[in-house]
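Please read the following report alongside the sequence and the coordinates. It treats the two chains in turn and then the contact between them.

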Amino acid sequence: MSNTRKKRWRWPISPETVRSVLSSHSVLGLAFAAIIYLVCLTGTIAVFAPDLQRIEVPGTPVAMHLSEAAAARALTEAVRQTPSDSSIYLTMPSPAKEGATLVAFKPGFERNWAVAEDGTLSPLDAIWTEFLIYLHICLHLPRSWGGFIVGLTGVALLSSLVSGILAHPRVVRDAFHLRLGGSRRLQEADLHNRLGVWALPFHFTLALTGALLGLSTIIVAGLSLLLYRGDMTRVYALFLDPPPAIDARTVPMPDLAALIAQARARMAEAAIDSVMVERPGRADMRISVHGRRSRHLVVQDEVQFDAQGAAIHEEHPKDMVVGTRVLSGIGQLHFGWFGGPVVRVAYGLLGLALCVVTSSGVTIWLARRRDRGRPAPQWERIWSAVCWGQPVVLMLTAILAFVYPEVPLAPAWLILTTIAIVLCAVMNRCSGEYLARLWRRGLVVASALAAVLYLGRALY
Amino acid sequence: MLVASLFLLAAGVLGAGLLRTSWRRREGAAPALLAGGWGVLIGAILLAGWVVGPVKGTALALAMEGIGAFGIVWHGRVRKVARERDGKGEGGDAPEPLDEPGRVWRGVLRTLLAGPLGMTAAMALAFCVTVYMPGDARTRIVTGGMLLPVLWGLAMTWTLADRRLLRATAVLVGTSVLGFGLAFLGGILSGAST
């Protein structure tokens, strides 16, 4: 029985505009689908970077507590092992992040360690985790270009979220519909819309912070052109402490344990979060101790000491402007590294949801074409190589990193991805669905193999 | 954090559960259930902001409640028998995208509008905010920076949806010229203070 009464249109924009917006949603989503999917997939895995590092490097100590003496021992040992002009950054264990880590860096040099509870250092060179993080933040392209492309992807995702909502007049009517197993298009549309709508605040936060992180270079460049005749350092200087005046004379290291204890006393409401030693062993050395309060997302307490151990600068939440707080919190919000394993799992699940939203968007388009008698079998096969092929390729790089740690992973990933896409594109006799099934089986096998290799080594 | 996360997950389940109960009623939505559902969801966000921390708590609440709510959606899923093509009957009155004949020049122009020109216009507006907004320079820069992706995203949505390409071009070019002009002027006048 058909209902002849016309339903009242209650959406704020006209049906014609909804169709235009839906068309723009479609165009934008398809244009950026592969890269949005890749960035979301790598980002979802990167949320677990601290855990992956430990799996990748067996025997990594996980300090639950680090005394001042142990922290000082770790810093002194790192100073001994690194070039004199490196900066040393020690992150203390906290409820948000189990284990203490230490990184020494200067332009063109970086070394990472895990710190045991007694302050001894263990190398923490997790090559696959590092490969994954760089794939997420700059696609292994030159940092500014790669960052810009990832930032642009964030903007495209933001735009897709806005157009997706505007083009969804049945948002209330279908709010809880999840019809599986019937028509492919309806099933994918339900998944796409329900996951997109119910996790919208998360998706929006992720897209905005990701876009901002990626576009930061271009924003700074534009502002410096406008305000400081192109001098980007003046924009950065607003957010960074000015470097101390150069004095390269060699001096003994001060009593770091005593300085950390002194800083702890000066920021009674905060727990020590990190210690940074710049220009260690030089007369222009600066030691910064940062503290984090339990209710705050980012560190807002800081005490700085000079080479003699005299306190030269102190900062507390009341001294920090909103802009600096927001800027510091962007990375924390984006990666979900602010609340420990529970938040990481939640971010992982929601990141996976965003991958499904992206993937189902393409599947809907492909199914719509098929329904209208204009199937695109080659695109169906190519999408299977992206959607299911990428997890397999990432797993293969993890296996490669285990078997041949010296193999450069970025070129290996590019080669495997290209082979997967080209092969699927030319396999005319296979359907996209069949190839997707093959990829899923491949994913199970590759995941199992990677798990056996890494967990086996860790347990053995 | 574990206790807060579980509480917020439960709040997401409860809030979405109440909303679903109202949504399922054939005789129309029940205002009490609607108010209860939204009350639980919003109340839990406020409570998390108060107890865990304003930003940390809100972020945690939005993530956990989203998962809890999707749990309700998943719980209420229905299994249908697969058919060759049944997209028309169920949910078949969902809007379809406009089918426009593809013209290369329109595609190129739209790409330019949504990409470089949209970015320029968004940048012009964001930098105007940075230059003219009162307050500390760092806060103004971060505010402008956060506005840039939002405005660019909106420009993308609009230019890709608007079929009058000349209008979109004129608006974006005008915004860019005017915005950068004003921002540059303001930058010269107040550059030293920033």
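**Model and conventions**

This is a predicted model, in which local features need pLDDT of at least 70 and side-chain atom pairs count only at pLDDT 80 or more, whereas totals for chains, interfaces and linings use all residues. Residues are numbered from 1 along each chain as its sequence is written, and chains are lettered from A and ligands numbered from 1 in the order in which they are written. The model scores ipTM 0.89 and pTM 0.91.

**Chain A as a whole**

Chain A contains 15 helices and 9 strands, where helices (H or I, at least four residues) and strands (E, at least two) are DSSP runs numbered from the N terminus. Its C-alpha atoms fill a box of roughly 85 × 50 × 40 Å along the principal axes. Of the 460 residues in chain A, 46% are buried; a residue is buried if 20 or more other C-beta atoms lie within 10 Å of its own, exposed if 12 or fewer, and partly exposed in between, with C-beta atoms placed from the backbone. Among the contacts in chain A with a separation of 6 or more, 68% are between residues 24 or more positions apart, a contact being two residues whose C-beta atoms, placed from the backbone, lie within 7 Å.

**The sheet of chain A**

Chain A holds an open sheet of 8 strands in the order 4-3-2-1-6-7-8-9, with antiparallel pairing; two strands pair if DSSP finds at least two bridges between them. Strand 4 (121–123) and strand 9 (311–315) of chain A stand at the edges with a single partner strand each, so one side of each has no neighbour in the sheet. From one strand to the next the twist averages 20°, with axes being lines fitted to C-alpha atoms, for helices over the stretch in contact, and angles running from 0 to 180 degrees between N-to-C directions. Helix 3 (residues 68–81) of chain A packs on the sheet and touches strand 1, strand 2, strand 3 (109–115), strand 4 and strand 6 of chain A, its direction making about 150° with that of strand 1 of chain A.

| Strands of chain A | Bridges | One residue pair |
|---|---|---|
| strand 1 and strand 2 (residues 100–106) | 5 bridges | Y89(A) and V103(A) |
| strand 1 (residues 87–91) and strand 6 (residues 271–278) | 4 bridges | I88(A) and V277(A) |
| strand 6 and strand 7 (residues 286–292) | 7 bridges | M276(A) and S288(A) |

In strand 7 of chain A, R292(A) is also the bridge partner of A271(A).

**An enclosed helix**

Helix 12 (residues 377–387) of chain A is largely enclosed by the rest of the structure, because 8 of its 11 residues are buried. The buried residues of this helix are E380(A), R381(A), I382(A), W383(A), S384(A), A385(A), V386(A) and C387(A). They pack against helix 1, helix 11, helix 13 (389–403), helix 14 (409–426) and helix 15 (432–459) of chain A.

**Chain B**

Chain B has 6 helices and 1 strand, and its elements run α-α-α-β-α-α-α from the N terminus on. Of its 194 residues, 43% are buried, and residues 24 or more positions apart account for 67% of the contacts in chain B with a separation of 6 or more. The chain is divided into domain 1 (2–75) and domain 2 (104–193), with bounds that come from an automatic or database domain assignment. Taken over C-alpha atoms, the centres of domain 1 and domain 2 of chain B are separated by 36 Å.

Chain B averages a pLDDT of 87, and 89% of the residues score at least 70; pLDDT is the predictor's confidence in each residue, from 0 to 100. Over residues 86–90 of chain B pLDDT stays under 50, and for this stretch the model has 10 contacts beyond four places in sequence.

**Where the chains meet**

The contact takes 71 residues from chain A and 65 residues from chain B. On the side of chain A that touches chain B, the elements that each supply at least two residues include helix 1 (15–46), helix 7 (200–228), strand 5 (179–180) and helix 11 (340–371) of chain A. The residues of this side of chain A divide into 47 nonpolar, 17 polar and 7 charged, where Ala, Val, Leu, Ile, Met, Phe, Trp, Tyr, Cys and Pro count as nonpolar, Asp, Glu, Lys and Arg as charged, and the others, Gly among them, as polar.

Strand pairing also crosses between the chains: strand 5 of chain A and strand 1 (residues 78–79) of chain B run parallel and are joined by 2 bridges. Here L180(A) stands opposite R79(B) in strand 1 of chain B.
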